[in-house]
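User: I would like to learn how to read backbone and sheet features in a model. Can we go through some together?

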Amino acid sequence: MKTKIYSKSICLLMAVFATSVAFGQTVTTVAGKNISGFKNGQDTAARFNRPHDAAVNAVGDIYITDQLNHCIRKVTPSGLVSTFAGSGAAGNIDGADISASFNNPTGVIFDSKGNLFVSDYTNQKIRKITPAGVVSTFAGSGQIGNNNATGVLATFNGPVGMCIDGDDNIFLAEQGGHVIRKITKDAIVTTVAGKYGTFGYGDAKGTKAIFDGPYDVCLDPKGNLYVADQNNHVIRKIDTALNVSLVAGTPGNQGTSNGNIFNARLSLPLSVAYDQFKDLIYFVDYGNNRIRYIDTAGIVYAFAGSNQTYADGVGSAAAFKRPTAIIFDKNRNFIVADHENHFIRKISNPTASIFSISQFADATIFPNPAVNTLSISTKNTLQEVQVLDMLGMLVLSGTSKTMDVSSLPTGNYIVVALYSDHSMERGKLQILK
């Protein structure tokens, strides 16, 4: 769902001349095949059974909660798949690597010391795996409940997605209890937001707020939490004062439409990831088999995926089947758990963005409408120009003030100017043939 490894460099396209075409959000397959199974091996020779979530360590190894194989798998940067922990059979045993057992593991996250934490859904526990592969119970008695206590005295109800802050505090979405919990590095469990056992929709402070099957959480650099509120079909925000508010989607209304907070429709959002460089919230739209994102104005855009099948490709040409997780890897690519396709997928070069700022103020694009050539006039130092379609998909980019747009069909587009001081602005463009 997310990793706490961030690149501090500017994420720019590797376009080197004005007429270059650099497509974003290219979806490829990392490992697995679209049939279920339990097999280690090289990339597509390996088999998973409903991979659910992922976390990436400092060297780029991907750790997967292989849900219906009841274990944690590891995928190296070269694509070699092995079993890191878990016997492959449902159980509730602490121990070393494959002598341990899990029961429907869902969420997974690394702490700053390289320990891996797993939300063990059916066992109602949070498990800890050391870098050496030793599994122990970190929190949870195994009983269903909402007891706030330390370690094995605490109780959970359907623990799923997690994130972690700089002090190694874990934040947990609890689907069955309809609450958000906090677990400190000393395993002290408290309820952050949500009214336990009550489901529905209600914006309020802390435990007076109401969720319906919250499934995942992520943090922004200011400490705000974002929640994939699954059954309400919305993304919510919990600020540092614990006030809960709506970010995107229409509570209780499923759909596929993009747009602002009043028009956008989501369908069973399951996973959220925050891009701290661009201040964008990416999420898995499970019911729509898509990856989408939200800008700081609360406007929802398409990013990758189109319908329920399997296809590698660019943007909407790619296809997923019930994806459940999206995280950043160490190179700022996305890793996606393609749940019902039994694949681990990667979205490379995920640079397409619509920024929530006003239309061009310091720049002019001309001619507009354009036919073959587009120019931009600005006093700012231009770093890059991006042309996106109205779904937010990147179609052209360049580093010059003049761009060849002859390959683009008639239609409406958005031009994004990125400046060397990290500022940016956008404007609308029409192409006529």
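User: Where is Asn 104 placed?

Analyst: This is a predicted model. Asn 104 is in the loop between β7 (95-96) and β8 (105-110).

User: Why does Asn 104 count as buried?

Analyst: Buried means under 20% relative accessible area. Asn 104 has a relative accessibility of 17%, so it counts as buried.

User: Which loop holds Asp 168, and is Asp 168 buried or exposed?

Analyst: The loop runs between β12 (159-164) and β13 (170-174). Asp 168 is buried, at a relative accessible area of 12%. Its phi is positive, about 65 degrees, although Asp 168 is not a glycine.

User: Now peptide bonds. Is the bond from Phe 366 to Pro 367 cis or trans?

Analyst: The general idea again: most peptide bonds are trans. The bond from Phe 366 to Pro 367 is cis, with omega near -10 degrees. Pro 367 sits in the loop between β28 (363-366) and β29 (373-378).

User: What about the bond from Asn 368 to Pro 369?

Analyst: That bond is cis, with omega near 15 degrees. Pro 369 also lies in the loop between β28 and β29.

User: Next, strands. How do β9 and β10 run, and how many bridges join them?

Analyst: Read the direction, then the bridges, then the facing residues. Strand β9 (residues 116-120) and β10 run antiparallel, joined by five bridges. Ser 119 stands opposite Ile 126 in β10. The two strands form a hairpin with four residues between them, and Gln 124 in that hairpin has a positive phi near 55 degrees.

User: How many bridges join β10 to β11?

Analyst: Four, and this pair is antiparallel. Strand β11 covers residues 134-139. Arg 127 faces Thr 137 in β11. β10 and β11 make a hairpin with four residues between them. In its turn, Gly 133 has a positive phi of about 90 degrees.

User: How many residues of β10 are buried?

Analyst: Four of the five residues in β10 (residues 125-129) are buried, so the strand is mostly covered, going by the cut-off of under 20% relative accessible area.

User: How do I read an open sheet? What is the order of its five strands?

Analyst: List the strands across the sheet, then look at the two ends. The order is β24-β1-β27-β26-β25, with antiparallel pairing. β24 (313-314) and β25 (323-328) stand at the edges. Each has a single partner strand, so one side of each is left without a neighbour in the sheet.

User: Which residue stands opposite Asp 338?

Analyst: Phe 343 in β27. Strand β26 (residues 334-338) and strand β27 (residues 343-348) are antiparallel and joined by five bridges.

Definitions and conventions. Residues numbered from 1 in each chain as written. Predicted model: local features only at pLDDT ≥ 70, side-chain atom pairs only at ≥ 80, totals over all residues. Heavy atoms only, no water. Buried < 20%, exposed > 50% of the residue type's maximum accessible area, 1.4 Å probe, protein only. Pairing = 2+ DSSP bridges.
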